[in-house]
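This briefing covers one protein structure, topic by topic. Please look through the sequence and the model before reading on.

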Amino acid sequence: MNKNHRLYQADLRAIHAVSGMEALRGKTFLITGATGMIGSHLIDALMSFGDINVIAVGRSKERAAERLGEYYDSPLFTFLEQDVCQPFTTACHADYIIPLASNTHPLAYSQHPVETLFINIKGAEHALNLADRCRATLLYPSTVEVYGNARGTDTFTEDYTGQLTLSTPRACYTESKRSAEALCQSYHAQHGTSVKIVRLCRIFGPTMLMSDSKASSQFIKKAIAGEDIVLKSKGNQHFSYTYVTDAVSAMLHVLLHGETATPYNISNADCDVHLRDFAELCAQYNGKSVIFDLPSDTERQGFSIATQAILDNSRLLSLGFKPRYTMRDALTRTIDILKG
């Protein structure tokens, strides 16, 4: 991906415009999952804003260099080579901690369910211990998956409890995220740890990993290649999506203005679409078609059983946040940036 692309630079400036960003100057962020879709975009935004220190955490400095290498010589940037399942040393200090490390796509769930579970739970535990020691604020990135499957056509408010199942390998992700949220609430109640929680819907954007097996990422890769879009279902699923720039902006807005120990749904009503419509928009980019194809047994193991997952973002909007991008605009930007 070309980070100098004019659209990508415009996206970074949109994040810089988040209300209250000036208060972050001189502060230190510790971010795990630094090379992921959200983590790398967040770091690009913080580093380009200036006068913010970033500690990026990952398991390989060499692999991270492919995404973040331009920052390695900056005095504002530190790369910490560490497995998030291990505790942080006492020398580590930060003002804000965002534990983004996670297996977040279906193939990872089905192939590495035990690893997925421990990355989420142990990663949250060690991040919370560090926040407690440093008196830092931890922003926990949870997920729409904690709501399970909707009852009929219900939308998900922050107090919603849907239908959950423990009988699939995918439960490793949903249940570990629910446990991590409970851990955040417990640290706040018992230790007074400053914790803020966001529940992300399905995120897409130009910082996606090419190894990402989510349906939306597969559609985007087909659009980049100028090929027909392959849909592994009838596409009747109705989901909330959000462009990665809106997601990062909303996360920082909650960090700066949200209430402690209160979850906030992050979504954008302009990006609530059926899966087939997402696929169709990608196909339209090159005048291609949508082709329906049944998934393999391995693929199906990692698929969500949800058919309706619309997040109500009223609580987020009450903080004064407004998403910027429509679905068509966001998809076009994503493909243009990646092709460029």
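A residue is called buried under 20% relative accessible area, exposed over 50% and partly exposed in between, using a 1.4 Å probe and protein chains only. The model is predicted, so local features need pLDDT of at least 70 and side-chain atom pairs count only at pLDDT 80 or more, while totals for chains, interfaces and linings use all residues. Residues are numbered from 1 along each chain as its sequence is written, and side-chain values use heavy atoms, with hydrogens and water left out.

**Helix 8**

- Helices (H or I, at least four residues) and strands (E, at least two) are DSSP runs numbered from the N terminus.
- Helix 8 covers residues 244-257, and 12 of its 14 residues are buried.
- Among the buried residues of helix 8 are Val244, Asp246, His253 and Leu255.

**Strands 2 and 3**

- Strand 2 (residues 53-58) and strand 3 (residues 77-81) run parallel and are joined by 5 bridges; strands pair if DSSP finds at least two bridges between them.
- Isoleucine 55 has threonine 78 of strand 3 as its bridge partner.

**The cavity**

- A cavity is a set of points on a 1 Å grid over the protein atoms alone where a 1.4 Å probe fits but cannot get out; lining residues have an atom within 4 Å of a point.
- A volume is the space filled by probe spheres set on the points, which are joined across faces, edges and corners.
- The whole structure has 1 cavity of 30 Å³ or more, and the largest cavity has a volume of about 60 Å³.
- Its lining includes Thr32, Ile119, Tyr140 and Lys177.
- Helix 5 (residues 113-134) gives the largest share of this lining, 4 residues.

Conventions:
On a 1 Å grid over the protein atoms alone, a cavity is a set of points where a 1.4 Å probe fits but cannot get out, and a pocket is an open set with protein on both sides within 12 Å along at least five of seven lines; lining residues have an atom within 4 Å of a point. The expected span of a helix is 1.5 Å times one less than its number of residues.
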